[in-house]
There are 2 protein chains.
Amino acid sequence: MTLPAPSDKALVPFVSVDHMMKLVHHVGIDDMLRGLADYIETDFRRWELFDKTPRVASHSEVGVIELMPTSDGEAYGFKYVNGHPKNTSEGLQTVTAFGLLADVYTGYPVLLTEMTFLTALRTAAMSALAAKYLAPEGAEAMAMIGNGAQSEFQSLAMKAVIGLDEVRLYDTDPGATAKAAHNLSNKGLRVVACRSAEESIEGAQIITTCTADKQNARILTDNMVGSGVHINAIGGDCPGKTELAPDILLRSDIFVEYPEQTRIEGELQQMAPDHPVTELWQVITGRAPGRRDARQITLFDSVGFAIEDFSALRFVRDRIAGTGLFQPLDMLADPDDPRDLFGMLMRAAPHPV
Amino acid sequence: MTLPAPSDKALVPFVSVDHMMKLVHHVGIDDMLRGLADYIETDFRRWELFDKTPRVASHSEVGVIELMPTSDGEAYGFKYVNGHPKNTSEGLQTVTAFGLLADVYTGYPVLLTEMTFLTALRTAAMSALAAKYLAPEGAEAMAMIGNGAQSEFQSLAMKAVIGLDEVRLYDTDPGATAKAAHNLSNKGLRVVACRSAEESIEGAQIITTCTADKQNARILTDNMVGSGVHINAIGGDCPGKTELAPDILLRSDIFVEYPEQTRIEGELQQMAPDHPVTELWQVITGRAPGRRDARQITLFDSVGFAIEDFSALRFVRDRIAGTGLFQPLDMLADPDDPRDLFGMLMRAAPHPV
């Protein structure tokens with residue numbers, strides 16, 4: 001007996017890791033980073049209509065598993081993400097992620113996708129979007145301190161979105177710097193490998209910190225930071241993990257995604273609970289000033305927020321159409337008669353009765 | 001350039017709707033219902049060690065999308081489920097569901113599966129497990145009031161787990177009764193189609209209510225329920241939706257999965273906030289009595305709880321091994337060097353640079 005194929009409604013497009021990499025090359029990484037920044041900007045402009053549920057975290061002794069849901073009333077998205085620092089010593093990734101987008105009107109999922117690459121891309125796009133509003137006019141050079149997995153994405157996003165010319169790489173591990181310099185060669189950026197954090201900062205209008213240091217670190221100390229720079233602090237992103245000396249925060253105007261979360265996870269955890277911050281969406285919508293003058297130090301205290309993942313899911317949903325870069329998954333039961341789920345099951349028997 | 005295939009670690013087994021139906025036939029539906037009841041019983045015995053996070057619900061005017069996570073410290077599971085009553089008028093299902101199981105130690109997903117069929121099966125297995133502890137000794141006949149999608153699963157689970165002989169079907173729609181009677185023919189049960197709820201109850205030691213009535217309904221009124229029966233109330237499962245006259249609740253000893261949830265969603269929403277209930281896990285572990293005498297009315301006020309989905313996910317993970325009834329999904333990026341995600345992306349370029 002031949003069974004009918006599942007109806008279209010029952011099929012959810014799935015973007016695998018392989019398809020995501022192909023999508024990046026199909027769109028072009030610069031256009032993808034710009035597109036992601038545009039989608040995030042669109043969503044930050046309508047910030048207030050989002051359902052901003054807190055993350056739902058399940059902690060264990062060795063790590064955490066989190067679900068990060070949000071909705072704009074039309075689409076619903078969530079990201080599954082784990083964080084297990086000990087994984088690397090066992091040949092596994094510290095962080096893996098996948099995400100889902102659904103239609104609020106029907107409740108049906110419309111996209112399932114890997115999100116390890118997508119998160120790397122949206123994190124970089126978010127940094128570049130913040131720099132567009134906060135970096136000094138005509139910023140040309142960026143110090144990139146910490147040359148791990150995020151460093152190339154950060155560098156290319158700054159090039160794609162604000163026209164960065166030069167990236168100045170530094171890492172305590174020269175091998176990481178060599179890897180990043182190799183990966184960034186012939187990508188339209190002047191690449192300078194530096195032997196110290198101080199050297200990387202010379203002539204840079206933007207300083208990005210993205211290290212894997214676990215404890216409260218001092219990647220930047222107060223005397224390293226001159227007036228007029230924009231600091232893009234990526235690596236301080238969970239309780240107990242910060243990268244900047246607190247004196248720098250006291251001299252900076254601090255911009256954040258979602259204060260409730262940043263005060264727990266960001267550089268901001270070093271400050272008093274009422275330390276003043278500006279929400280970036282208010283800068284983007286014109287309700288709050290961004291950079292006011294050339295001597296001001298601006299600090300984007302980035303921790304990553306669910307709305308950015310939502311924007312990224314929307315982008316992928318829109319861009320996979322017509323590409324074939326997905327598999328349709330038979331994930332939703334679609335019986336002809338909703339009351340007859342059992343009949344559907346019996347008709348699928350190897351020897352139907 | 002040929003890229004290496006994703007490593008095993010990056011692959012998550014996915015059980016589609018089609019594979020789930022094949023798994024049911026491979027295992028055998030009676031064995032599957034018994035197996036699910038066993039897994040739920042095992043998990044209810046270790047109830048206290050579960051992380052019982054509340055559901056995370058996203059409501060809209062037309063429906064709800066929920067994530068239901070839980071963990072036993074070794075595995076972590078969640079179910080995505082929507083509820084959209086208006087969907088049926090548009091040729092879509094009211095409820096669709098899928099679920100995921102992950103390894104707490106690594107944070108890596110280990111199973112993604114459809115859960116529309118699996119939820120139908122686990123709901124029936126849960127009812128049968130409750131009846132095992134609460135129904136009168138030697139119960140042979142069950143009234144099945146409401147002959148929709150859940151009715152056949154309920155009937156077969158009672159047969160598989162407690163040895164039910166006869167099911168007495170009634171629905172306000174005779175077509176639904178005819179469908180269920182047809183589906184249950186030659187399944188090892190004596191099937192009696194009844195023309196009234198009263199007729200269905202004659203001689204039944206168990207009364208299962210599972211209707212789609214949306215408002216506070218009176219599927220059972222007080223004078224219909226004699227002493228000594230076990231009531232298995234499935235359909236009262238969300239705020240504003242109940243099936244039993246409150247007088248019945250006052251005469252019954254009420255057993256629930258998780259009181260905090262049942263008081264909001266179950267028949268119990270008709271009672272005072274401190275109305276006494278017994279948690280079923282305490283009956284199963286021997287800490288609280290179940291049925292005490294032959295004249296007592298026991299009521300299982302079923303709403304469905306995350307731990308039951310977790311048990312079902314564990315069952316599927318264990319049973320698909322060696323069957324081939326799943327597809328490996330390339331869902332997790334697994335670069336050779338975790339610091340070199342960008343290099344992995346570049347090596348996937350159509351014309352690697």
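Q: Buried area is the accessible area (1.4 Å probe) that two parts lose on being put together, summed over both; how much do chain A and chain B bury between them?
A: This is a predicted model, where local features need pLDDT of at least 70, side-chain atom pairs count only at pLDDT 80 or more, and totals for chains, interfaces and linings use all residues; side-chain values use heavy atoms, with hydrogens and water left out. Residues are numbered from 1 along each chain as its sequence is written, while chains are lettered from A and ligands numbered from 1 in the order in which they are written. Carbon and sulfur atoms carry 69% of the area buried between chain A and chain B. The whole buried area is about 7000 Å².

Q: How many residues of chain B are in contact with chain A?
A: Contact means heavy atoms within 4.5 Å. Chain A brings 79 residues to this meeting. On the side of chain B, the number is 79.

Q: Which residue of chain A forms a salt bridge with B:Arg339?
A: A salt bridge is a side-chain nitrogen of Lys or Arg within 4 Å of a carboxyl oxygen of Asp or Glu. The rule finds two of them across the interface of chain A and chain B. For B:Arg339, the closest N and O atoms are 2.6 Å apart, and the partner is A:Asp173.

Q: Which helix gives the most to the side of chain A that touches chain B?
A: Helices (H or I, at least four residues) and strands (E, at least two) are DSSP runs, numbered from the N terminus. The helix in question spans residues 341–347 of chain A and gives six residues to that side. Its name is α11.

Q: Which strands stand at the edges of the eight-stranded sheet of chain B?
A: Two strands pair if DSSP finds at least two bridges between them. The pairing here is parallel, and the order is β9-β8-β7-β10-β12-β16-β14-β15 in an open sheet. Each edge strand has a single partner, so one side of each is left without a neighbour in the sheet. The edge strands of chain B are β9 (190–193) and β15 (278–279).

Q: At about what angle does helix α4 of chain B run to β7(B)?
A: Axes are lines fitted to C-alpha atoms, for helices over the stretch in contact, and angles run from 0 to 180 degrees between N-to-C directions. Helix α4 (residues 151–162) of chain B lies across β7 (141–145), β8 (166–170), β10 and β12 of that chain. To β7(B), the angle is about 165°.
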